[in-house]
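Dear colleague,

Here is the structure I promised to hand over, and my notes on it follow below. Please keep it open beside the text as you read.

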Amino acid sequence: METTLQTTLQTTLQATLQALQDHLQQQPQQRLTFADYMDWALYDPAQGYYSQRVALGQGGDFFTSAHLGPDFGQLLAVQFQEMWQVLGQPQPFTLVEMGAGEGLLAADILAYLEHHDRPCFEALHYGIVERSPRLRHQQRQTLAPWVASDPPALEQPGAHPAQTVQWYTWDQLTANPIVGCCFSNELVDAFPVHQVVATGGQLREVYVTWDHQQHRPVEVLGDLSTPALAAYFADLGLNLTQPPYGDGYRTEVNLAAQDWLTTVAQGLQRGYVLTLDYGYGSDRYYQPSRAQGTLQAYRRHRHHNEPYQAPGHQDLTAHVNFTALEQWGDRQGLRPLGFVPQALFLMALGLGDRLAALSNPATAPPSLPDLLQRRDALHQLLDMSSSGLGNFGVLLQGKGLSPAEQGQTLRGWQEPV
Ligand SMILES: C[S@@+](CC[C@H](N)C(=O)[O-])C[C@H]1O[C@@H](n2cnc3c(N)ncnc32)[C@H](O)[C@@H]1O
């Protein structure tokens with residue numbers, strides 16, 4: 001059985017490599033920037049990982065906070081309830097989840113609000129922007145209780161009564177700006193990144209081309225494909241070609257995040273942008289000692305540094321530079337309102353109370369395996385080791401808020417009690 005699976009995998013991987021070779025040969029210089037290669041490997045309709053074979057959760061390639069049970073979504077829902085109050089209980093109050101995976105987080109948020117805050121739930125429109133058709137299909141299944149019985153494929157925001165989930169395109173979002181919150185968990189780290197190398201006193205870009213002798217994709221260095229790359233480092237006040245950066249310093253730049261944030265700012269009339277992701281501020285991101293960047297490939301819960309090992313068959317991800325998100329957002333009218341590690345964010349929203357309830361026989365799950373599993377899940381959400389979920393960054397930006405609304409520190413960014 002295992003051998004049959006491996007043979008099938010080898011065959012589809014060979015087909016993907018052939019498609020990549022063809023794709024590279026069609027390019028004017030038979031090469032792609034690393035960002036275009038990553039975009040192809042993740043999102044090409046016929047070969048991309050997210051288009052064809054994304055597998056999330058314990059049995060898949062990687063899991064997110066949403067896979068650890070409903071606590072993460074429920075605590076986010078507590079934060080959304082407060083946002084609704086601070087914004088003056090708008091009708092509708094729209095949440096737009098960007099990059100919603102299998103829809104688990106949406107289901108946990110909707111179920112929590114439906115049962116714990118009926119007025120907020122009744123004001124709620126839940127929108128999803130999702131690039132992967134495969135995941136859109138899974139989301140429709142997960143969210144069936146909240147999906148209108150026979151919806152058109154992609155709808156206009158607000159076209160349906162409250163409490164139904166709707167799928168938007170980015171264009172639909174910008175054409176119909178919302179009042180509420182645009183949020184994402186592990187979206188920005190899935191955007192394609194440019195890779196650059198500082199060598200011989202110059203900043204060079206990594207391109208991918210096909211090596212006909214070795215029958216595999218290989219890297220070549222070339223001139224920067226866009227002046228935006230040099231401008232990015234100039235904006236951050238960094239010169240990677242000078243000490244303390246060493247020759248060969250390699251890192252990545254997420255220019256797609258800039259376009260995304262511009263779109264989100266246009267799609268938000270009044271309210272918040274909430275971004276949860278792996279990442280750091282610029283200082284930590286571009287530390288001279290981080291000489292190979294943060295790009296990682298994930299396959300069956302193992303991560304490695306080989307982005308060409310299994311194109312289309314593995315996830316590729318790079319950490320997020322939260323300083324750049326703050327700077328870009330500010331230029332688009334998104335004011336930075338707070339940045340905390342996820343562990344503190346969730347503690348401030350009540351994760352500590354949930355842990356304490358597990359020690360109380362009156363509130364703990366009756367079966368020991370359930371109790372242990374839940375405790376382990378909560379501890380994983382708080383894990384502040386370098387790759388732990390508690391070490392994620394949680395950035396809040398606001399737009400169109402009154403001085404009083406802007407001055408109000410939301411619960412997730414307050415000191416946990
Ligand atoms: C790493 S998964 C995270 C899924 C989910 N948020 C979770 O926490 O489990 C990244 C998600 O972002 C989606 N995505 C990536 N780029 C996107 C884009 N440009 N527009 C919309 N969705 C995108 C992927 O298809 C996928 O659903």
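Between domain 1 and domain 2 an area of about 710 Å² is buried, and carbon and sulfur atoms give 47% of that area. On the side of domain 1, the residues that lose the most area to domain 2 are Tyr232, Asp235 and Thr294, which together account for 50% of what that side buries. Please bear in mind throughout that this is a predicted model.

As for the bounds, domain 1 is made up of 2-47 + 194-253 + 286-316, while domain 2 is made up of 65-181 + 257-278 + 319-413. The C-alpha centres of domain 1 and domain 2 lie 31 Å apart, and the contact takes eight residues from domain 1 and nine residues from domain 2.

Turning to the polar side of this contact, two salt bridges are counted between domain 1 and domain 2, and four residue pairs are in polar contact between these domains, with both residues of each pair at pLDDT 80 or more. The elements that give two or more residues to the side of domain 1 that touches domain 2 are helix H2 (34-43) and helix H9 (227-235), and the residues of that side divide into five nonpolar, one polar and two charged. A salt bridge also joins the side chains of Asp39 and Arg131, at 3.1 Å from N to O.

Across the whole structure, the search finds nine salt bridges. In one of the salt bridges, the side chains of Arg354 and Asp71 meet at 2.7 Å, N to O. Because Arg354 lies in helix H14 (residues 351-357) and Asp71 lies in helix H4 (residues 71-86), this pair ties together parts that are 283 residues apart in sequence. Side chains of opposite charge can pair when their charged atoms come close.

Next, the strands. Strand E7 (residues 202-211) pairs with strand E8 (residues 216-222) in the antiparallel sense, over seven bridges, and Thr209 stands opposite Val218 in E8. The hairpin of E7 and E8 has four residues between the strands, and in this hairpin His215 takes a positive phi near 55°.

Some backbone details in the loops may also be worth a look. Gln30, a residue other than glycine, has a positive phi near 50°, and Gln30 is found in the loop between helix H1 (2-25) and strand E1 (31-33).

Where are the cis peptide bonds that join Gln91 and Pro92, and Pro243 and Pro244? Between Gln91 and Pro92 the cis bond has an omega of about 0°, and Pro92 lies in the loop between H4 and strand E2 (93-98). From Pro243 to Pro244 the cis bond has an omega near 10°, and Pro244 lies in the loop between H9 and strand E9 (249-253).

With best wishes

Terms used:
Residues numbered from 1 in each chain as written. Predicted model: local features only at pLDDT ≥ 70, side-chain atom pairs only at ≥ 80, totals over all residues. Heavy atoms only, no water. Domains from an automatic or database assignment. Contact = heavy atoms within 4.5 Å. Buried area = accessible area lost by both parts, 1.4 Å probe. Salt bridge = Lys/Arg side-chain N within 4 Å of Asp/Glu carboxyl O. Polar contact = N/O pair within 3.5 Å; in protein donor to acceptor, adjacent residues only side chain to side chain. Nonpolar A, V, L, I, M, F, W, Y, C, P; charged D, E, K, R; others polar. Pairing = 2+ DSSP bridges.
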